Amino acid sequence: MKANPTDVLTGIYYIDGDVAAGYGALAAGCKLVAGYPITPSTEAFEAMCRKGPQVGTVFIQMEDEFGSISAVLGAVWSGVKSMTITSGPGYSLMMESIGFGAMLETPFVLLNIQRGGPSTGVPTKTGQADMMQSRWGSHGDYELIAISPDSPQEMFDYTIKAFNLAEKYRCPVMIMSDECVGHMTEKVVIPEADKIEIEPRRFYKGPPEEYLPFSPDPDLVPKIAKAGDGLGLYITGRVHDERGYPVKNEEFKAKYVRRLVDKIRLNKDKIIELKEESTDDADVVVVSYGISSRVAVKGVEIARQKGIKVGALRLVTVWPFPDEKIIDLAKKVKAFVVPEINYGQIVFDVARCCHGQANVVLIPHGGAGVHNPLDISDAIESAAKEDKKIEGVVEFKTRLEKIVFERGLKLKE
Amino acid sequence: MNSIISAFSKGIEKSGIDRKKISMPSDVPFNPDVVKALGVDYFQIPRGRAIAFGTGLKLGNPSLKVVPVAGDLMTLGGNHFVHGARRNMELLIICVNSFVYKKIAGKPIPSTQSAFSPYSTFEEPFNFPHLGNSCGAIYTARWTALHTEELADSVAEALHKHGLSVIEVLAPGPNYYTDIDSIELELLKFYHENSTIKNNEDPKNVAIVPDEKIIVGKFTDKERPTFIDSYNVQHSKILGDKFTPHGGKNG
């Protein structure tokens, strides 16, 4: 299905990543955005508040993030596409209803412009430390999809993709961006509506008396309905059977919760998008996502000038994790180098998939800034020279860490 | 609880509204058979989020009649209630208040007799109608589980109101009590002896106070623009032809 022309703000823009994501949501047909402003995600909400009323998208500033995400879920069950936008502290509040959304198999999109944490952290500067929270933040077993764009153009493109994936797999989709990409201003091309592919909602169209809201199609995803259609919906966050009715014995739990996990895991091949470059004959592969993958480009370039065979693997889709790709590469390469703006999150999943066949090097960063590309090239160089197999994750000592911990940090008055 | 559900169902009947258009987000777990009998769409949502979830349902499809049945209304859902009333979101909130009184030494004192307050309650309850009224609700009423006819009439009336309505229902919460039969009977007797109907009473005078009669009735019934009305007026004024009003007159 093609996008609706009235929803698409076709043109060439010079805008930041936040605004581009907002325009992407409108193009995807998002008809309700509920949010509670929080730096550095506010511009995305503002963009939708400004343009939304002109294209029939309703916005509401809710009283808090619990309210925002609850309103989004309500809107989806009323039959429209909906999203919410937040950052660190707001994201923590939303965890309750992310699990609820996953349990109800509710297609919705959450844009998280990550900032420095923990807690209030550094509100105006970048971070990538919510990656594990996006996967494991709500209680119980569930799977969802997380995407990490690295430019304003991608913020537009992948917000549309996030909506499409949400509809296709009836699950929450997280756009795990960060302050740098959110506030980066670049050229963004918004094409004509007929160039934009939109996944329609999988509405049930059979006889009302036969509708089972959680009875899956062969791809493990059930058809959805909306309130007010006379289907007598019984929808609950309790473990439920195909009718939606609560069940509590272990056999039922094994059957119904299993599918929430399997519908993503068994469709991984169709969901995951990676960008891979020169990995065929590489000694070292840099695995990165979001803003770190843009910084890594320079680090890789410097290392190549030194004659090192280095490839790059960019995780556009971070969750579900591309286990098979890493397992496959681990058989061929000497080491993986993982720069991320945290003290080790995705790197542990890389190590998990390596099974000790390749070394794994973390280039940490505490946030409020991005990596120095020279650190990345140095880490690549030392990983390429290392002949020993080293167990676990090796932490690379960055220039910043050396300054802070070896020379000492003098507090300014 | 059963008497409230049948009064609710009777209220829908009296209102003449199509049951299929009614959505009931609630943090109270309802039996599937009860929901089926009511003929509405039911969503059991995380505790306290009924009003926020209902806000999304209403904004997404303004032709729906959304009736959040709230258990944890003023605890987890307090902020949603206060802001829902302020923005006059079109919702009919049914707040089941399981606040229970018991006679000790001849005086009625508040007592929830739950596992969480084995030595009786000592905290003051909210005055819901007053709170709702002062935050901007356009319709407030209170009934007990005994006043089923009045409750049904209130539901029928409030379903036709444009804005946030709140009906507080005093009822024992069966899940919390070990000896439900005796408590329910004792409590219904208590409601019978200790409640008095005062329609149009100023909501600030209807607090539930030990040793005084519980005042029930309809307290607030007024009109003011709903969230969707104001949203449409504001954007039409500024954007003119570029703006298509949301939801027609159903807001």
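Tutor: Ala368(A) is partly exposed, with 15 other C-beta atoms within 10 Å. The scale runs on C-beta atoms placed from the backbone: 20 or more others within 10 Å make a residue buried, 12 or fewer exposed, and anything in between partly exposed. This is a predicted model, where local features need pLDDT of at least 70, side-chain atom pairs count only at pLDDT 80 or more, and totals for chains, interfaces and linings use all residues. Residues are numbered from 1 along each chain as its sequence is written, while chains are lettered from A and ligands numbered from 1 in the order in which they are written.

Ala368(A) sits in the loop between strand E16 (359-363) and helix H13 (373-385) of chain A. Helices (H or I, at least four residues) and strands (E, at least two) are DSSP runs, numbered from the N terminus. Phi of Ala368(A) is positive, near 70°, and the residue is not a glycine. Arg170(A) is another non-glycine with positive phi, about 45°. It lies in the loop between helix H6 (152-169) and strand E8 (172-178) of chain A. Arg170(A) counts as buried, with 25 C-beta neighbours inside 10 Å.

E16 belongs to an open sheet of 6 strands in chain A, ordered E11-E13-E12-E15-E16-E17, with mixed pairing. Two strands pair if DSSP finds at least two bridges between them. Strands E11 (274-277) and E17 (393-395) of chain A are the edges; each has a single partner strand, so one side of each lacks a neighbour in the sheet. On average, neighbouring strands are turned by 20° against each other, direction ignored. E11(A) pairs with strand E13 (residues 310-315) of chain A in the antiparallel sense, over 4 bridges. There, Lys275(A) has Arg314(A) in E13(A) as its bridge partner. Helix H10 (residues 291-305) of chain A packs on this sheet, touching E12 (284-288), E13 and E15 (335-339). Its direction makes about 175° with that of E13(A). Such angles run from 0 to 180 degrees between N-to-C directions, with axes fitted to C-alpha atoms, for helices over the stretch in contact.

Two other loops carry cis peptide bonds. One joins Trp319(A) and Pro320(A), with omega about -5°. Pro320(A) lies between strand E14 (317-319) and helix H11 (323-330) of chain A. Another joins Thr39(A) and Pro40(A), with omega about 5°. Pro40(A) lies in the loop between E2 and helix H2 (42-51) of chain A.

Now the partner chain. In total, 37 residues of chain A are in contact with 35 of chain B; contact means C-beta atoms, placed from the backbone, within 7 Å. Elements of chain A that each supply at least two residues to its side include strand E2 (30-35) and helix H4 (88-103). H3(A) gives the largest share, 9 residues. That side divides into 19 nonpolar, 14 polar and 4 charged residues. Ala, Val, Leu, Ile, Met, Phe, Trp, Tyr, Cys and Pro count as nonpolar, Asp, Glu, Lys and Arg as charged, and the others, Gly among them, as polar. Strand pairing also crosses between the chains: E10(A) and strand E2 (residues 41-44) of chain B are parallel over 3 bridges. Ile235(A) has Phe43(B) as its bridge partner.

Terms used:
Contact = placed C-beta atoms within 7 Å.
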